[in-house]
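Dear colleague,

Please find below the structure that I am handing over to you.

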Amino acid sequence: MTTNAHKLELTKEEMRTLGYKAIDELVEHFDTQNSKLPVAEGSREDMDKLFLEDAPEEPTDAMSVLNFVVDKVMSNSNIVSHPKSYSFVPGPSNYVSTIADTLATGFNVFSGGWVASPAAAELEIVTINWLLKLFGFPSKRGGGIFTSGGSMANLTAIVTARRIKCGEDFSKAVLYLSDQAHSSNIKAITILGFRRDQIRIIPTDLEFKMSLNKLQNAIAKDRLQGLQPFCIVASSGTTNTGTVDPLLELSKICKKEKLWFHIDGAYGGAAILAKNGKQLLKGIDKADSLTVDPHKWFYQPYEMGCLLVRNSKWLKHTFTEKPEYLKDVEGNDSEINFYDHGVQLTRRFRALKLYMSVKTFGLKAFRKAIDYNLKLAEQTEAILRKSSKWEVVSPATLAVINFRYNSIKLNLNEEELDELNQKISEKIMASREALLVTTILQNQIVLRMCLINPRTTLEDVKGTINLCEKFAEDILKNA
Ligand SMILES: *Cc1c(COP(=O)(O)O)cnc(C)c1O
């Protein structure tokens, strides 16, 4: 094989054979993933043993490289699309978008400027418009951009907010976010060169919502000290508990105080597609900028984040640079060069997967899936509440629920409960049967389920809870 290896080419026949094999492996994975174990294990030593080598000067048969990769690489990665993958934020994904990504890569579409690929730019405009409409953003003036993920969308938002509100001098600028805000926001703020003392972490109340009183106190104090409050970062669906900050009240504070209102909806934004979710997200349309993360609950494969803004000019004014080698490709004003709206110049064609999957399944299918996820979490809550062994620590909210083993018969103290629940998670992970780890809420170690996979059944959840109970009893017996 590899007749034209010096041009990095395969023959047509070799390309077909390799491609068909890859598709066969993908289809097999989609078909059988539910019955695999979701948790991978492997130390650095194990992985070194499998993969560590010098870059080979000589060729290897393409098929045997592919087989090795399927066998050793893919099998040693967590299956985040598995029905019992409950932790962090799962990635349910879908096959149509998988093929879309494959096409985007295969045709190697440059999704930076209009002239390079008018159709790719147009599809990004079209799909961004779908999202603008869903979230009630101004459809004419509004805009946005697809990014690698929520982290990059938050970074894009905060640099835009700073540019619009502070201009060049941000030495006195201050921004506000809650103690439940996602860490990517702090990361973005520090990347942008703010000092730690320009960040106000506002405590949350007992329901994990940003305290409005404490926020207003902080803003007032900062003004008295001659500082420049400029931005509030709210969460619409915290990653920990799915909690939505009081968006309407926060939007009023932003308006009164002339602050930028950024909402991080990377986790929960997609709930807008369901009736109940939309109710919970009331006020999300008041944001100046909104992060959503299609590679989470819009069921897209990695990587795809998105930033929406009320006015697309804000992005353009923040990110446009005019190097001489790009002057021939400017295009007219309606033809968007997405490299002028964000960080990346060369960009992969992310819009295609959202476009193809929504066209194929219809938005209704997405609505149903999200509605199902919301209900599944509520049913899970009901099961836990009925049991004398479990305590619900934060109720089902946007498909997230936190709970701990706390049998009423045992009367364990806080320290013992922490230890027990930590051990339950360790046993579950060691069994590889479910991806279920702990988080910390109000100083308690709790188990957290994020139920955004439409293929997760109530039976899956019950099975996992039963397994947790069995492990709990084992641990208590051996204590
Ligand atoms: C996941 C998440 C992010 C970060 O998004 P990435 O896609 O992982 O970069 C930001 N905010 C929230 C609320 C999230 O859940």
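Among contacts (heavy atoms within 4.5 Å) between residues at least 6 apart in sequence, 72% join residues at least 24 apart. This is a predicted model, in which local features need pLDDT of at least 70 and side-chain atom pairs count only at pLDDT 80 or more, while totals for chains, interfaces and linings use all residues. Residues are numbered from 1 along each chain as its sequence is written, and side-chain values use heavy atoms, with hydrogens and water left out.

Overall form

The C-alpha trace spans about 75 × 70 × 45 Å along its principal axes. Buried residues (under 20% relative accessible area, with a 1.4 Å probe and protein chains only) account for 48% of the 479 residues. The protein contains 15 helices and 11 strands; these are DSSP runs numbered from the N terminus, helices (H or I) of at least four residues and strands (E) of at least two.

The seven-stranded sheet

Seven strands form an open sheet in the order E1-E7-E6-E5-E4-E2-E3, with mixed pairing; two strands pair if DSSP finds at least two bridges between them. Its edge strands, E1 (143-147) and E3 (199-202), each pair on one side only. E1 and E7 (residues 305-309) run antiparallel and are joined by five bridges, with Gly143 having Val309 of E7 as its bridge partner.

Strand E8 (residues 390-397) is largely enclosed by the rest of the structure, because six of its eight residues are buried. Five bridges join E8 to the antiparallel strand E9 (residues 400-405), and Thr397 stands opposite Val400 in E9. Two residues lie between the strands of this hairpin, where Leu398 takes a positive phi near 45°.

Helices H14 and H15

The axes of H14 (residues 414-431) and H15 (residues 458-478) come within 9 Å and cross at roughly 120°. Axes are lines fitted to C-alpha atoms, for helices over the stretch in contact, and angles run from 0 to 180 degrees between N-to-C directions. The contact residues include Leu420 and Ile424 of H14, and Leu467 and Phe471 of H15.

Yours sincerely

Technical notes:
Buried means under 20% relative accessible area, exposed over 50%, partly exposed in between (1.4 Å probe, protein chains only).
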